[in-house]
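Could you walk me through reading a fold from its contacts and rings? I'd like the general idea each time, then the case at hand.

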Amino acid sequence: MGRWIVYCESKNRQLINERGRLSLNFNDAIEEIESGEFLMIDSPGRKYESQKSFLLEIDKYPVVVPFNIKKSIIQLITMFPDRRYKNDKF
């Protein structure tokens with residue numbers, strides 16, 4: 001991809017500890033992004049209009065991963081499951 005992908009380790013621990021049925025972590029997201037198995041979507045709302053999002057499939061469930069790009073660095077912000085994309089094809 002030619003870019004560095006970074007994330008906040010404390011946010012990653014928070015994601016791992018918060019989610020029940022679906023175990024989410026940034027390392028799984030990075031694997032999916034690097035494999036090229038993702039869709040790009042715009043982040044909804046004016047508050048986040050500078051962000052884009054990856055739409056990934058993790059454990060057969062759609063997961064949205066908002067991110068910012070600064071020069072050659074992709075900073076992952078958070079990630080959350082979103083059933084609105086359940087019928088989208090990857």
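This is a predicted model: local features need pLDDT of at least 70, side-chain atom pairs count only at pLDDT 80 or more; totals for chains, interfaces and linings use all residues.

Q: Let's start with the layout. How many helices and strands are in the chain?
A: There are two helices and six strands. Going from the N terminus, the order is β-α-α-β-β-β-β-β.

Q: And how do the strands pair up? Which way do β3 and β4 run relative to each other, parallel or antiparallel?
A: β3 and β4 run antiparallel, and seven bridges join them. They make a hairpin with two residues between the strands, and Asp-59 in that turn has a positive phi of about 50°. On another pairing, β2 and β3 are antiparallel too, over four bridges.

Q: Can we follow one residue across? What is the bridge partner of Leu-39 in β3?
A: That's Leu-55. Leu-39 itself belongs to strand β2, residues 39-42, and counts as partly exposed because its relative accessibility is 30%. Carry on across the sheet and you find Leu-55 opposite Val-64 in β4. For another spacing, take Leu-39 and Glu-57: 18 residues apart in sequence, with 9.6 Å between their C-alpha atoms.

Q: How should I think about the nonpolar core?
A: In soluble globular proteins, nonpolar side chains tend to be buried together. Here the largest nonpolar core has 18 residues, and those with the most contacts inside it are Phe-54, Leu-56, Val-63, Val-65, Leu-76 and Met-79. α2, β3, β4 and β5 (73-76) each put in at least two residues.

Q: Why is β3 described as largely enclosed by the rest of the structure?
A: Because five of its seven residues are buried.

Q: Now the rings. How do I read an aromatic pair?
A: A pair of aromatic rings is described by the distance of the centres and the angle of the planes. This structure holds three such pairs. In one of them, Tyr-7 and Phe-26 sit 5.1 Å centre to centre with 35° between the planes, which is tilted. Tyr-7 is in the loop between β1 (4-6) and α1 (9-18) and Phe-26 is in helix α2 (residues 26-35), so the pair ties together parts 19 residues apart in sequence.

Q: Is Phe-26 buried or exposed?
A: Phe-26 is buried, at 0% relative accessible area, whereas Tyr-7 is partly exposed at 25%.

Q: What about Phe-54 and Phe-67: why does that pair count as stacked?
A: Their ring centres are 4.3 Å apart and the planes are at 20°, so the pair is stacked; the cut-off for that label is under 30 degrees. Phe-54 lies in β3 (residues 52-58) and Phe-67 in β4 (residues 61-70), so this pair links parts 13 residues apart in sequence. Phe-54 and Phe-67 are both buried, and together with Phe-38 they form one aromatic cluster.

Q: Last one: charges. How many salt bridges does the structure hold?
A: Side chains of opposite charge can pair when their charged atoms come close. This structure holds one salt bridge. Arg-84 pairs with Asp-82, and their closest N and O atoms are 2.6 Å apart. Arg-84 is exposed, with a relative accessible area of 63%, while Asp-82 is buried at 9%.

Key:
Residues are numbered from 1 along each chain as its sequence is written. Side-chain values use heavy atoms; hydrogens and water are left out. Rings of Phe, Tyr and Trp (its six-membered ring) pair if their centres lie within 6.5 Å; planes under 30 degrees apart count as stacked, over 60 as edge-to-face and the rest as tilted. Buried means under 20% relative accessible area, exposed over 50%, partly exposed in between (1.4 Å probe, protein chains only). A salt bridge is a side-chain nitrogen of Lys or Arg within 4 Å of a carboxyl oxygen of Asp or Glu. A nonpolar core is a set of buried Ala, Val, Leu, Ile, Met, Phe, Trp, Tyr and Cys residues joined through side-chain atoms within 4.5 Å. Two strands pair if DSSP finds at least two bridges between them.
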